[in-house]
Amino acid sequence: MENAIRDWRGRAYLPGPVPADRTRMFWLAWAAMAAISPLQYGYAALLAQQAAGLTLLAVWIACQAAGALPALHLVRRGRLSVRAALAAGAALSGLGLATATLTGPGLTAEGAASSALGGASSALGGGEVSSLLAGGGLGLVAFVGYALLGGLGAGLVYGVCGEVVSSWYPERPAAQVGLITGAFGYGAVPLLVWAGIAPDATRHGDLMPTSETVMAAFLVAAVVAVAVIGAAARYLRLPPALWWPDDVDPRSHALDAARLRITPEAAKQFRLPQALRTRTLPALALILTCAGAVSVFDVIVVAGAGSWGALAVLVALNGTSRSVAMRCSELFGRRRVLAAVLGALAIGQVLLAAAVLEAASAGGSLVSAPAPIGGAPPPDGAVPAGGMAGGGALLWLGVIAAGLGGGAFYPLLASLVREFFGSERAGEIHAVVYSAKAVAGVVAVTLALIALTTPVAALLAAAALAALPALATPRLRLPGLPATIPL
């Protein structure tokens with residue numbers, strides 16, 4: 001373009017005035033991300049306590065991760081407007097939240113998930129999905145409404161909101177996107193608190209919320225999601241191509257030595273096919289798979305402990321740690337902070353495993369097989385959920401460590417994509433990395449099923465999944481540079 005300004009790397013900018021509603025667009029995107037949080041974290045905590053629920057959660061995660069890439073592809077090329085994408089996301093997310101509760105009491109009444117978690121080792125083999133589809137009725141509605149359509153709707157909202165915010169804040173995209181993805185982490189906290197402490201929310205002698213409380217909470221969340229995401233659809237829009245705020249000199253920003261020393265820029269602007277041919281992109285996808293699986297698994301495990309305070313802290317830290325980690329990465333470097341985050345996640349698994357052993361030595365069980373919400377009591381010999389509701393020091397330390405590491409890796413990986421492959425197509429390339437979350441959902445459900453019989457082994461396996469990428473992260477290098485350049 002004729003009026004474009006170019007920096008020392010040849011990147012073009014078109015400085016323009018900052019719109020008066022840029023801040024409002026940021027907060028609407030933040031609210032939309034918070035509105036879809038109950039679909040993942042609320043469901044994992046309240047309804048993924050049976051084989052059918054675990055299977056539907058895995059399908060939902062796969063659809064949510066897979067829905068972001070096509071949405072970004074269509075929006076970036078102008079074939080789908082931001083308003084249309086978010087309007088569809090609002091309708092689908094609301095439908096997913098409204099049908100999520102059918103996994104609990106509805107399926108139990110039909111017998112589609114009559115067995116408790118302990119007898120669900122065949123869930124990943126398709127047995128539970130086939131029983132849902134064969135049973136028809138509420139099971140099929142939950143599968144289509146929550147797992148398929150709700151997952152696609154959340155993927156639309158997640159991908160489009162991230163693209164809009166990063167485009168309107170090109171001078172600090174990583175920090176701003178970290179803030180809105182944090183809302184996706186802690187947005188489910190109000191729902192969890194309501195379900196845990198509302199009057200008459202629990203059955204006598206059991207800390208599991210009643211089916212009526214859970215259904216009311218998710219229906220309110222559905223109404224809120226449709227209203228909030230619908231408002232975002234009305235006001236969010238993309239900036240002109242190559243737009244840059246005119247109150248920041250792009251050439252000085254590109255030459256900021258202190259920033260480049262801590263967060264160096266890409267060797268060139270990679271296209272998606274070029275990025276796919278590097279070794280770095282599969283490495284980032286593998287890191288997300290391992291850490292994402294452990295993050296979801298932790299929510300299920302802590303929910304099984306019956307300590308709603310610990311669960312709320314875990315989910316809250318999962319979100320708030322993202323913005324803190326992004327700030328730290330600007331001071332110490334993305335790779336160092338990502339390694340520290342994954343290390344904290346691994347330590348959290350070890351502490352939770354120690355808490356299980358401590359509970360076992362005291363004659364109890366931290367990770368139990370609770371009855372489905374609104375369903376039959378747990379089988380003979382099982383310790384009811386909530387038997388360790390007060391928790392112990394090890395439980396709380398494990399929750400804090402797992403919470404600090406369980407969400408911060410998402411924005412760090414997104415910023416590493418921008419750092420490694422350039423900013424021009426960072427959204428599309430990150431969507432490919434983020435699609436690895438589909439595999440993470442399957443791994444998380446597998447770990448949850450193993451935890452039913454051998455929780456210590458499952459937690460130690462989760463610790464290994466987080467520790468291995470933590471050791472490998474510092475050795476990630478910028479693609480496109482000669483291999484002889486030191487790390």
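Is alanine 310 buried or exposed? At 0% relative accessibility, alanine 310 counts as buried, where buried means under 20% relative accessible area, exposed over 50% and partly exposed in between, using a 1.4 Å probe and protein chains only. What you're looking at is a predicted model, so local features need pLDDT of at least 70 and side-chain atom pairs count only at pLDDT 80 or more, while totals for chains, interfaces and linings use all residues. Residues are numbered from 1 along each chain as its sequence is written, and side-chain values use heavy atoms, with hydrogens and water left out.

**The chain overall**

- The protein chain has 20 helices and three strands; these are DSSP runs (H or I of at least four residues for helices, E of at least two for strands), numbered from the N terminus.
- Of the 487 residues in the protein chain, 57% are buried.
- Take the contacts with a separation of 6 or more: 83% of them come from residues 24 or more positions apart. Contact here means heavy atoms within 4.5 Å.

**Helix α15 against helix α20**

- Helix α15 (residues 334-361) packs on helix α20 (residues 455-472) at an angle of about 165°, and their axes are 8 Å apart. Axes are lines fitted to C-alpha atoms, for helices over the stretch in contact, and angles run from 0 to 180 degrees between N-to-C directions.
- That is why α15 and α20 are described as roughly antiparallel to each other; the cut-offs are under 35 degrees for roughly parallel, over 145 for roughly antiparallel, 65 to 115 for roughly perpendicular, and oblique for the rest.
- The α15 and α20 crossing is left-handed, meaning the near helix is turned anticlockwise from the far one by less than a right angle (clockwise would be right-handed).
- On the α15 side, the contact includes Leu342, Leu345, Val350 and Leu357, and among the α20 residues they meet as a group are Val456, Leu459, Ala463 and Ala470.
- By class, the contact of α15 with α20 has 19 nonpolar, two polar and no charged residues. Nonpolar covers Ala, Val, Leu, Ile, Met, Phe, Trp, Tyr, Cys and Pro; charged covers Asp, Glu, Lys and Arg; the others, Gly among them, are polar.

**Helix α1 against helix α9**

- The axes of helix α1 (residues 22-46) and α9 come within 9 Å and cross at roughly 155°, and α1 and α9 are therefore roughly antiparallel.
- This crossing of α1 past α9 is left-handed.
- Contributors from α1 include Met25, Leu28, Ile36 and Tyr43, while those from α9 include Phe218, Val228, Ile229 and Tyr235.
- The class tally for α1 with α9 is 17 nonpolar, one polar and one charged.

**Helix α2 against helix α18**

- Helix α2 (residues 51-76) and helix α18 (residues 426-434) pack at about 165° with axes 8 Å apart, which makes α2 roughly antiparallel to α18.
- α2 passes α18 in a left-handed crossing.
- Gln64, Ala65, Leu69, Leu72 and Arg76 of α2 meet Gly427, Glu428, Ala431, Val432 and Tyr434 of α18.
- Sorted by class, the contact of α2 with α18 has six nonpolar, two polar and two charged residues.

**Single residues worth a look**

- Alanine 310 sits in helix α14 (residues 308-332). Leaving out residues up to four places away in sequence, alanine 310 touches Val302, Trp396 and Val399.
- Alanine 283 belongs to helix α13 (residues 280-305) and is partly exposed, with a relative accessible area of 26%. Alanine 283 and threonine 473 are 190 residues apart in sequence but 8.8 Å apart in space, C-alpha to C-alpha.
- Isoleucine 450 lies in helix α19 (residues 437-451) and counts as partly exposed at 35% relative accessibility. Isoleucine 450 touches Pro455 and Ala458, not counting residues up to four places away in sequence.

**Backbone and cysteines**

- Leucine 242 is in the loop between α9 (211-235) and β3 (243-245), with phi near 65°, a positive value in a residue other than glycine. Most residues other than glycine have a negative phi.
- Leucine 242 is partly exposed, at 36% relative accessibility.
- Cysteine 161 is buried at 0% relative accessible area, and cysteine 290 is buried at 13%.
- The disulfide count is zero, taking a disulfide as a pair of cysteine sulfur atoms within 2.5 Å.
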